[in-house]
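The following paragraphs go through a structure chain by chain and contact by contact. Please keep the sequence and the coordinates in view while reading.

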Amino acid sequence: MRLEPIEAPSTARRVIPPALAIAATFLVASLLALVAGGNPFAVFGLILKGAFGSKFSILETFNSATPLIFTGLAIAVAFRAKLWNIGAEAQLYAGAVLTVVLGTGALGLPAYLMLPLCALAAMLAGALLLLGPALLKTRLGVDEVVTTLLFNFIFLLFVSYLLEGPLKDPMGMGWPKSARLTPEARLPRLVEGLRLHWGFALALISALVVWVINTRTTLGYEMRAVGQNAEAAGFAGIPVTRVILKTALLSGGLAGLAGFSEVSGLKGALTLDLSPGFGYTGIVVAMLALLHPLGVVLAALFVAAIFVGADSMSRAIGVPSYLADIMLASALLFMVLAILLTKFRLRRD
Amino acid sequence: MSNSEKAQVVLRLQGITKRFGPVTANADVSFDLHRGEVIALLGENGAGKTTLMNILFGQYTADEGAIELFGQPLPPGAPRAALDAGVGMVHQHFTLADNLTVWENIVLGVDHLTAPTLKARQVKSRIRDLAERFHLKVDPNARVGRLTVGERQRVEILKALYRDAKILILDEPTAVLTPQEAEALFTTLREAISSGLSVIFISHKLHEVMAISHRVLVLRHGQLVAERATKDTNREEMAALMVGAEVSAPSIEARAAGAPLLSLRAVSTPDQGAAPGLKALNFELCAGQITGLAGVSGNGQAALSDLLSGLITPSAGEMALHGSSPARWSPRAAIANGIARIPEDRHKTGTIADFDLTENAILETYATRFSQRGWMDWGKARAFAESLIKGYDVRCPGPDIRIRLLSGGNMQKLILGRVLEENPDIILANQPVRGLDIGAVNYVHGELAKARARGAAVLLISEDLDEIMRLSDVIHVISEGRLSPAFARGTMRPEELGSWMAGHGFDSHGMDTGAPDAA
Amino acid sequence: MDLLDILLSASFWAAAIRIASPLIFATLGELICERAGVLNLGIEGIMVAGAFAGWIAVWGGLPLWGGVAVAMLTGMMLGLVHSTLSVPFGLSQHVVGIGLTLLATSLTFYTYRVVLPEVSSPPKITAFQPYEVPFLSELPLIGPAIFAQTPLTYAGFILAGLTAVILYRTPLGLAVRAAGENPSAVAAQGLSVTAIRMGAVTVGSGFMAVGGAFLTLSAFDSFFFDMVNGRGWICIALVVFGAWKPGKAVLGAVLFAAFDALQIRLQQTGIGAVVPYQVFLMLPYFLSILALVLMSRRAEIPAALMVPFNKGER
């Protein structure tokens, strides 16, 4: 068996494999639901209802999608340049930490200064956190997958230390929790009276900005060239190392924004369960979106819907909500295979 | 071997046909190979030689036809069948694992994978016996990664002999050897042939074909178009048969050299792993001249090419461009200083496979010519790509297709256009025609000749001595990072250059001046 | 307690060997994959799955070694998924590996919830007990340190020796090493690169799962969600640290475990009162990064690591 590139893939060739991948994902989930004693139709029906069944649930889905858009963008930007940033989780927390440091009353600034300051600081924190592994990669050739992964563990321990020490809420009754942000440092609601906050709008704007960077700027061209073939890019005079470092700053910055948005828009304080793995789920989001920034928005909404829906489904009929994680992981694997099959055919020689 | 009619048929191909989609790679190919016979298989790139060998070795299954080995039918699609029946192949790109020793490479795959041990001692002693018998000197305990190219080829041949190969297929075996090493290879082959080995010799070096083969088969567009006894044919006829037409190469008229545009004074660069760096090189490229750099691959060509491309900087010595040394040296500086760079590997270094033609066309100039303050001007870029496609005869459906889908020749034409449009006065052409068919070869050579005529200084790096001798005004030979004196056109015979390529003569000459002197 | 006292106590080294054991299994597994040319980032998830599978099998009534076998089979099945996607299809080993870690982890947690829906704390099993090797365990210092471990620890060291012998002394090992260096050398000799690589990834993943099972069947006697806690990623660093050689990798694992055991003990000393405990917990991860940095640019890396092989490609 051999893979052979297809010169001009037909429409069917481009549509059928991804469709089959989605079908396969649902098949796997159905089988697992049956194992847990749930009727697959009921399970998927409840997931759908839980995600979109009411105004409240729709807004909940949008809110849950917000951090995923940021981390999904962070990873899409990095992966396009073949910078394997698996550390968005830590970068998110770095952004959250800086937001809490600046936003809990240390500065007496009005909201229109406070919010941009916190956002910028959060971006900077996330960016700097990825700069380390990126420098290790460009200077010493250390694989960034493992270093960014290990940084996740290190940084979470650091956050744990902060929440039990310097950032501990004096009113927190011993819980590892930071003080609450001052009202000036809170992102307002997008629509008065509804739970959806401005972080969602910021995420959409970020997606648009990344899309413009990718398609219209020299940096976008350079990042893609470096990702596709760093040797040819370097030969042609593209400053490969600088491009990788710029990519790292952009990617880390976007992940840092996720932390800002979660703390400032939703939670109001930093705890150790601020992110239930948004940094890792962002990988699935980015891959499902084929690394396209606007696709990230759709993929994040899809993923958030499954999470929100699965939670409510689980409460209703007791099929564990980990079904959502399984669906996403298998969707990722089926989808990368499907994408390959849109470009290559299997040949028996 | 005139008595081949009577000798035993060891390999018989009957009506082999193989199609890849709409492309027919082999069409009804039939021939016999006899015991102790050497067949030369000639053909351009893409003529179907590799496909034919892949079918023999079970990597592909033929759509029609059958193969017989020693009178027995060969089961199709079984990679081990041909090996086990006694067919060995020495690939053009060696199939050796660098982290293993010589004996480990030779014994790889010989015993079944479930065998409990490797029997190192017996293996090594058998290798030593074979090495002695066939004059293939190599240390069984040496790591392959540390061997020279010539030694590696000996390991490849030993691999086949160790498996008692009765048929040996050699794919472009001399491409990486000095003329002297090639002669030693022929000695070994003659020895083996006299003891009954049969050989299929794939090559495009016609003088070698004349020297070693008994029979010549010519493949063109997948078909066997001619078969001649070697003694009844000549090089001109063979060349014409390969291409299907008379070959016309551009002619280079002698003319006086212009001013030096680039000069190196005692320039050294560090070694890169096994590849040697430059050793105190003195060197000049003059306007209106093609300077040929001959040498066995891996002797410092990469270092010189990387240096002129801006990828590395000298560790010692001085480089001057147009009389002054550049303050900073990088690929961008090289381009800005008017150096056109045609890289050795157009797939890996010259282009980005999944970029379209537009994106590839502006790879070197996007920052200076196709963007403003960081914003891309895609309209202008696409127009530029279209002008290259027209101006340099790049055959393709349009500027929006991925360059991966272009043939090597068209890919090279795009690279050529990309760099020549900048009106460079120095051109670095590293193996510019390797793997191209004759039409594209002539096109590329013609463009280099035109650039020379308008006063550019051209450095032509090639392993093909014929190409070097045909095109160059002056020739240098490089060996282990050292450079020979410059030899003026027509002053050296191939054998003399071969002696330099093998590393002789450098010590007696010591430091050369870089100025042309007829040695 | 003084640093020297710690380093000279048998209980310290016994702890180090115990901590090293799961790492040894998983590092050997990863090493086999990488020697054949495949980076297996599924390791973390495979260890989680192995820890759970071995434990649940024993909880369900199988003997302890039966649990080890179930873990091994679970790992091999996951390895088969990885290698099917990464070898014949040549998909990005980064993406496949991370995807597999997510899949194996979530499958494990899901199964846990399905099998034990109502429990607040997981049930305990009777884990492997230390076995004192006659005579050897009576040697001073090294006796109680090395020869009073559980049988699964001994199995880990035996496996390391076995891996080295197979890798360096058999035709199979030769083929694996060649497949990671230059797959076309393997193909030219009529061997199937696909089969060799898939086999290596499958078997290697089985070893990783046994490494996970060590946690539930020997180190502890129960299963917790965050029990693997990055050990898989640490093993990837250990393979690099060990220069892709089984002996050095085992040595690296023991050294690493000794540091880990040391930080646990230092927490109870005067330093522990001053320095936050999180700093001690960070040390293993920092150490792994340090190992990667120190060993970067090593020549021993298999040349075809992460390079897919498409036969017949020119």
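**Contacts between chains, and the folds behind them**

The contact between chain B and chain A takes 27 residues from chain B and 16 residues from chain A, where two residues are in contact if their C-beta atoms, placed from the backbone, lie within 7 Å. On the chain B side, α10 (331-336), α11 (346-350), α13 (366-369) and β17 (375-376) each supply at least two residues. Helices here are DSSP runs of H or I with at least four residues, strands are runs of E with at least two, and both are numbered from the N terminus. By class, this side of chain B has 14 nonpolar, nine polar and four charged residues. Ala, Val, Leu, Ile, Met, Phe, Trp, Tyr, Cys and Pro count as nonpolar, Asp, Glu, Lys and Arg as charged, and the others, Gly among them, as polar.

The model is predicted: local features need pLDDT of at least 70, side-chain atom pairs count only at pLDDT 80 or more, and totals for chains, interfaces and linings use all residues. Residues are numbered from 1 along each chain as its sequence is written, while chains are lettered from A and ligands numbered from 1 in the order in which they are written.

Chain A also meets chain C, with 41 residues of chain A in contact with 39 residues of chain C. Six elements of chain A each supply at least two residues to this side: β1 (2-5), α1 (11-35), α5 (111-140), α6 (144-164), α11 (278-288) and α13 (322-343). The residues on the chain A side divide into 32 nonpolar, six polar and three charged.

Chain A itself has 13 helices and two strands. Its radius of gyration, taken over C-alpha atoms, is 21 Å, which agrees with the value near 20 Å that a compact globule of 349 residues would have; the globule rule is 2.2 Å times the number of residues to the power 0.38. Along the principal axes, the C-alpha atoms of chain A fill a box of roughly 70 × 60 × 35 Å. Of the 349 residues of chain A, 54% count as buried. A residue is buried if 20 or more other C-beta atoms lie within 10 Å of its own, exposed if 12 or fewer, and partly exposed in between, with C-beta atoms placed from the backbone.

One of the helices of chain A, α13(A), has 22 residues and reaches 32 Å from its first C-alpha to its last, close to the 32 Å expected; the expected span is 1.5 Å times one less than the number of residues. The helix α13(A) is mostly covered, with 16 of its 22 residues buried. L323(A) is in contact with A29(A), L32(A), A33(A), A310(A) and Y110(C), leaving aside its neighbours within four places in sequence.

L323(A) is also among the residues with the most contacts inside the largest nonpolar core, together with V296(A), V303(A) and F201(B). That core has 392 residues; a nonpolar core is a set of buried Ala, Val, Leu, Ile, Met, Phe, Trp, Tyr and Cys residues joined through C-beta atoms within 7 Å. Helix α2 (residues 10-35) of chain C gives the most to this core, with 14 residues.

Elsewhere in chain A, L131(A) is found in helix α5. L131(A) is partly exposed, with 14 other C-beta atoms within 10 Å. Not counting residues up to four places away in sequence, L131(A) touches L245(A), A248(A), L249(A) and G252(A).

Chain C has 14 helices and zero strands. The radius of gyration of chain C is 20 Å, close to the 20 Å that the globule rule gives for 314 residues, so chain C is as compact as a globular protein of that length. The C-alpha trace of chain C spans about 65 × 45 × 40 Å along its principal axes, and 55% of its 314 residues count as buried.

Chain B is assigned domain 1 (2-243), domain 2 (249-338 + 424-519) and domain 3 (353-423), with bounds that come from an automatic or database domain assignment. The centres of domain 2 and domain 3 of chain B, taken over C-alpha atoms, are separated by 27 Å. In chain B, 11 residues of domain 2 are in contact with 10 residues of domain 3. Helix α16 (residues 438-453) of chain B gives the most to the domain 2 side, with five residues.
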